[in-house]
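Please look at the model below with the sequence beside it, and follow this report from one residue to the next.

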Amino acid sequence: MPFEKINGLDEVRAHYATSSQASNFYSFFIYGEGGAGKSRSALTIPGPGHVISFDPGGTKVLKDHIDSGRITVDTRFEDPKYKGNAKDCFHAFMDEYNRLTDKGVFKQLGDAGGWFMVDSGTFLLEALLKSCTRGEVPTLPEYNKMGILAIEMIGILARTKCNLILTGHVELYKDDERGKIHAGILVSGKKLKVKLPLLFDEVYYVEGKEENSGSVTYTYQTANNGFYQARTRMGREGLFKLREPAHIGELMLKAHVIDKITLEKGGCVKLKRETGK
């Protein structure tokens, strides 16, 4: 039976189009080596944005956009006092996230086509682990507790009412079943390493490459190639190549998530096009 002849289908469509299950926002997990361009991703997504930074000095790359007012940053968690008391660090982060949620800041960012970034998720998860262990050497039950809480926390962040970017670092690990070496997200626990990427729409591995001119070109790997963990929902049905220029706005345009006017007026850096092609 054709869908058009099912009684009440229009009402069902209308319900799910307006329900809380419908979301026009995307969650991005962008990971790579130190200095590979993870924090720089904030420059490439259009609209106003807010960054909570755990990475000392990590927001310096955003200076021009901070000065212009397009990006706001909270750098309190870079302070060494939080490094010395990670339990306070984690709870202070969640208090601030809840405060911004209650004040409608994320909704306002979402309404303006904006985004929220946590830089980096590696340090945030480290703070979560230390909050579970009270600063002591973690036991296996505490690792398990941290894994459960991490999934819950990331699930909460992924439902933020604007686009979300979480950055992280990379590590090598061995797949004991297959005996292969893989590169994945730096987190404590093998199960969390597998489950964490599943909570995001987009998981990209970012790397920089020096060109003959001496300049650096950044790329995202958008799909799993058997070595690096990566995935995309936005680049469905082959819209994205395995490696794409590291520019979130251009990928959103390519996936028809935004239009060209939104990208051009969004204030993000422009993608440097290759010439002669």
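Thr44 counts as buried, because its relative accessibility is 0% and a residue is called buried when that value is under 20%. The model in which this is seen is a predicted one, and every value in this report is computed from it. Thr44 is placed in the loop between β1 (27–32) and β2 (49–53). A polar atom of its side chain lies 2.8 Å from the backbone oxygen of Ser41, and the side chain of Thr44 also reaches the backbone nitrogen of Ile248, at 3.0 Å. If residues up to four places away in sequence are not counted, Thr44 touches Tyr220, Ala246, His247, Ile248, Gly249, Cys268 and Val269.

Glu244 is another residue whose side chain reaches a backbone nitrogen, namely that of Lys241, at 2.8 Å. Glu244 is found in strand β10 (residues 243–245), and it counts as buried because its relative accessible area is 6%, where the cut-off is under 20%. Leaving aside residues up to four places away in sequence, Glu244 touches Tyr218, Thr219, Tyr220, Thr222, Leu239, Leu251 and Lys254.

| Side chain of | Backbone atom reached | Distance |
|---|---|---|
| Thr44 | oxygen of Ser41 | 2.8 Å |
| Thr44 | nitrogen of Ile248 | 3.0 Å |
| Glu244 | nitrogen of Lys241 | 2.8 Å |

How many aromatic pairs does a search of the whole structure find? The search finds 13 of them. In one of these pairs, Phe29 and Tyr31 are tilted, with 6.3 Å from centre to centre and 45° between the planes, and both Phe29 and Tyr31 are buried. Phe77 and Phe93 form an edge-to-face pair, with 6.3 Å between the centres and 70° between the planes. This pair links distant parts of the chain, since Phe77 is in the loop between β3 (71–74) and α3 (80–83), while Phe93 is in helix α4 (residues 86–102), 16 residues apart. Phe77 is buried, with a relative accessible area of 0%, and Phe93 is buried with a value of 0%. Ring pairs also link Phe29, Tyr31, Phe200, Tyr205, Phe227 and Tyr228 into a cluster.

Not counting residues up to four places away in sequence, Phe93 touches Ile52, Phe54, Phe77, Val118, Leu124 and Leu157.

Ile151 belongs to helix α7 (residues 140–158). Is Ile151 buried or partly exposed? Ile151 is partly exposed, because its relative accessible area is 25%, and the buried class ends under 20%. Ile151 and Lys195 are 44 residues apart in sequence, yet their C-alpha atoms are 7.8 Å apart in space.

The last topic is the cysteines. A disulfide is a covalent bond between the sulfur atoms of two cysteines, and a search of the whole structure finds zero disulfides. Cys89 counts as buried at 5% relative accessibility, and Cys162 counts as buried at 2%.

Notes
Residues numbered from 1 in each chain as written. Predicted model: local features only at pLDDT ≥ 70, side-chain atom pairs only at ≥ 80, totals over all residues. Heavy atoms only, no water. Helix = DSSP H or I, 4+ residues; strand = E, 2+ residues; numbered from the N terminus. Buried < 20%, exposed > 50% of the residue type's maximum accessible area, 1.4 Å probe, protein only. Polar contact = N/O pair within 3.5 Å; in protein donor to acceptor, adjacent residues only side chain to side chain. Contact = heavy atoms within 4.5 Å. Phe/Tyr/Trp six-rings, centres within 6.5 Å; stacked < 30°, edge-to-face > 60°. Disulfide = S-S within 2.5 Å.
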